[in-house]
Amino acid sequence: MDRSANLDTEELKMTREQYILATQQNSLPRTEHPQFYPVGIYGWRKRCLYFFVLLLLVTMIVNLAMTVWILKVMNFTVDGMGNLRVTKKGIRLEGISEFLLPLYVKEIHSRKDSPLVLQSDRNVTVNARNHMGQLTGQLTVGTEGAVFGHSVETPHIRAEPSQDLKLESPTRSLVMEAPRGVQVNAAAGDLKATCRKELHLQSTEGEIFLNADTIRLGNLPVGSFSAAASSSSSSSPSSSAPRQTIYELCICPNGKLYLSPAGAGSTCQSSSNICLWS
C-alpha cells in the first residue's frame, strides 16, 4: 500500500510538471516566419560612400596624369631638369634663363664658340667685395654706357661700329696709365682735347713732339715791347701804320705763350706785359 501510494504521488508530480511546461509553451508568441535584421550600409549612405570612392579614384588618376605631364614638359631626367644639368664640376645651364633672386656663383662660362649674354630691363651691375663684405669694385652697364666704380684695367676699349666712344668722369679725374705708353689714334677723323681750366702736356725724361702740316694755337694774347711803343709814340698822327699780319711766337720764363708783332729782329721781351701779368 505504501509503495503504490508513492508511485501515484510521483505520477501526479510528473503529470503536473508536464502540464506546467505545456501551459508555458502555449503562452509564448508563435511566429511562423522568423524576422532577420540586416547588418551593413544601405540606402543613401551606401550611395554617398560609392560617390566618394569614385571621386577619390578620379582625383588620383588626374594627379598621376598631371605628374607625368609635368615630368614630360620640364624634361626631368637623372642628370637634371630641362636645360639645367648637374655635372661633377657644377651646374651646366643651356639656353635663355631668368633669375629673379640673387645668384651667387664662383665662375660663369659660356659654351665654346658662343658669347655670354646678360640682359636686364634696366641696368646690369656687377659688384666685387672682399672677405669683409666691403665693395672693392663695381661695373654698371646701362643705357648711357658702362660706369666703373673703381679703376679699370683692360687691353682694349672699342665702341660699336658707327658709334662714338666717350670716356668721362663727371665728378673726378680721368687717368690713363701704361708702362710702355698710351696711344690715341684717330684714323679717319679729328682728335679733340677740351678742358675747363688748364691742359698740361708734360714729359719728365723726353720731349713733346708735334708733327703736322699745320699747327694752330688760337686765342693767344698779343704782347708789346718798349721799342715798338716808343716808335709808335714818335710817329706823326697823320701817318697810318700798315695792319700787322705777321707775329712772332714768344714764350715767357714761366712757360706761357704769347704773340709779339714781328720785326726785323726778335721782338720777344722778357719785360712784356703778358709775362709781367701772368
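This is a predicted model: local features need pLDDT of at least 70, side-chain atom pairs count only at pLDDT 80 or more; totals for chains, interfaces and linings use all residues.
Residues are numbered from 1 along each chain as its sequence is written, and side-chain values use heavy atoms, with hydrogens and water left out.

**Exercise 1.** Describe the largest pocket by volume, centre and lining.

Solution. 
Step 1. A pocket is an open set of points on a 1 Å grid over the protein atoms alone, where a 1.4 Å probe fits, with protein on both sides within 12 Å along at least five of seven lines; lining residues have an atom within 4 Å of a point.
Step 2. The volume of the largest pocket is about 3300 Å³, a volume being the space filled by probe spheres set on the points, which are joined across faces, edges and corners.
Step 3. Its lining has 47 residues, and those closest to the centre are Lys166, Leu167, Glu168, Leu174 and Met176.
Step 4. Strands (E, at least two residues) are DSSP runs numbered from the N terminus. β5 (135-142) and β6 (145-148) each give at least two lining residues, and β6 has the largest share, with 4 residues.
Step 5. Sorted by class, the lining holds 23 nonpolar, 14 polar and 10 charged residues. Nonpolar covers Ala, Val, Leu, Ile, Met, Phe, Trp, Tyr, Cys and Pro; charged covers Asp, Glu, Lys and Arg; the others, Gly among them, are polar.

**Exercise 2.** Find the aromatic pair in the whole structure and describe its geometry.

Solution. 
Step 1. Rings of Phe, Tyr and Trp (its six-membered ring) pair if their centres lie within 6.5 Å; planes under 30 degrees apart are stacked, over 60 edge-to-face, and the rest tilted.
Step 2. The search finds 1 aromatic pair. Phe51 and Phe52 form this pair, at 5.8 Å centre to centre with 65° between the planes, so the pair is edge-to-face.

**Exercise 3.** Is Thr140 buried or exposed, and which residues does Thr140 contact?

Solution. 
Step 1. Thr140 lies in strand β5.
Step 2. Its relative accessible area is 16%, so Thr140 is buried (buried is under 20%, exposed over 50%, partly exposed in between, with a 1.4 Å probe and protein chains only).
Step 3. Leaving aside neighbours within four places in sequence, Thr140 is in contact (heavy atoms within 4.5 Å) with Asn123, Val124, Thr125, Gly145, Ala146 and Val147.
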